[in-house]
Amino acid sequence: DSEETAATIKLDPSETAIVLIEYQNEFTSSGGALHDAVKDCMADTGILDNSKKVMDSARASGATIIHVPIIFESGHNEISKKPYGILAGIKEGELFKNGTWGAEICDLMKPAESDLIVKGKNGLCGFSSTNLDFMLRQSGIKNVVLGGFLTNCCIESTMRNAYELGYQVYTMKDCCAATSLDAQKAAYEYTFGMFSVPTTSTEIMEGLKA
């Protein structure tokens, strides 16, 4: 029951980070290389409007806002010469290249001066190869609240790692998108609850004010 879930979420803003993964134009915006693949899910969840609201509300509450873009240098030499899986498509398409519009965080979700921006994300997990854990520990964060792209890829990878690192993890179901509605629903139903507290942006906003 969502009311019971909402009632149990009480978050100290000083110990809470909203971790926003890959709100970059390749995904979020018309003309982005991957936008057509995710636009149905985006429409279904209302990811951008919900994410903007929770980001602004959480920031006003005193929570830490952390943006986690994935960025590659020209040539994508960070990725194997013989890539496979999702990284193969990124390398072949030269996606998320540093300095390009596609790699920029979309206008709606642009970081504020007080926000933190993770460096070094070249893979799927928000922790591997990055300074995310360092930033969380330096900020005294205990609660990690996740939103972004893709639900069953970078969100799930980051969720699993945060769980194993000992953070209290929350994943906002209305602030995620995948490349298919079926994949999205499968993640909600079978994965989220194993490694996080599945929740919504509304419940997080209420929890930060509790």
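Visitor: To start with, how are α3 and α8 oriented to each other?

Guide: Keep in mind as we go that this is a predicted model. Helix α3, residues 35-45, packs on helix α8, residues 181-190, at an angle of about 50°, and their axes are 9 Å apart. An angle between 35 and 65 degrees counts as oblique, so α3 and α8 are oblique to each other. On the α3 side, the contact is made by Asp-40, Cys-41, Asp-44 and Thr-45, and α8 brings Leu-181, Gln-184 and Tyr-188. Sorted by class, the residues of this contact are three nonpolar, two polar and two charged.

Now set that beside another helix pair. The axes of α4 and α10 (residues 201-209) come within 9 Å and cross at roughly 5°. That makes α4 roughly parallel to α10. From α4, the residues making the contact are Asn-50, Lys-53, Val-54, Ser-57, Ala-58 and Ser-61, and they meet Ser-201, Ile-204, Met-205, Leu-208 and Lys-209 of α10. Here the classes come out as five nonpolar, four polar and two charged.

Helix α4 also takes us to the sheet. Spanning residues 47-61, α4 lies across β1, β2, β4 and β5, and runs at about 140° to β5. Another helix, α7 (residues 151-164), lies across β1, β4 and β5, at about 165° to β4.

What about the sheet itself? Six strands make up an open sheet with parallel pairing, and the order is β3-β2-β1-β4-β5-β6. At the edges sit β3 (116-117) and β6 (197-199), each pairing on one side only. Strand β1 (residues 16-21) pairs with β2 (residues 64-68) in the parallel sense over five bridges, and Ile-18 stands opposite Ile-65 in β2. β2 also pairs with β3, again in the parallel sense, over two bridges; there, His-67 has Ile-117 as its bridge partner.

Five of its five residues are buried, so β2 is largely enclosed by the rest of the structure. Both faces are covered: Thr-64, Ile-66 and Val-68 are buried on one side, and Ile-65 and His-67 on the other.

In general, nonpolar side chains in soluble globular proteins tend to be buried together. Pick out Val-19 and, leaving aside neighbours within four places in sequence, you'll find Val-19 in contact with Ile-66, Val-68, Leu-132, Val-144, Val-145, Leu-146 and Gly-147.

One last stop is Gln-24, in the loop between β1 and α2 (25-28). Gln-24 is buried, with a relative accessible area of 0%. Not counting residues up to four places away in sequence, Gln-24 touches Pro-69, Ile-70, Ile-71, Phe-96, Gly-102, Ala-103, Glu-104, Ile-105 and Cys-106.

Conventions. Residues numbered from 1 in each chain as written. Predicted model: local features only at pLDDT ≥ 70, side-chain atom pairs only at ≥ 80, totals over all residues. Heavy atoms only, no water. Contact = heavy atoms within 4.5 Å. Pairing = 2+ DSSP bridges. Helix = DSSP H or I, 4+ residues; strand = E, 2+ residues; numbered from the N terminus. Axes fitted to C-alpha atoms, helices over the stretch in contact; angles between N-to-C directions. Parallel < 35°, antiparallel > 145°, perpendicular 65-115°, else oblique. Nonpolar A, V, L, I, M, F, W, Y, C, P; charged D, E, K, R; others polar. Buried < 20%, exposed > 50% of the residue type's maximum accessible area, 1.4 Å probe, protein only.
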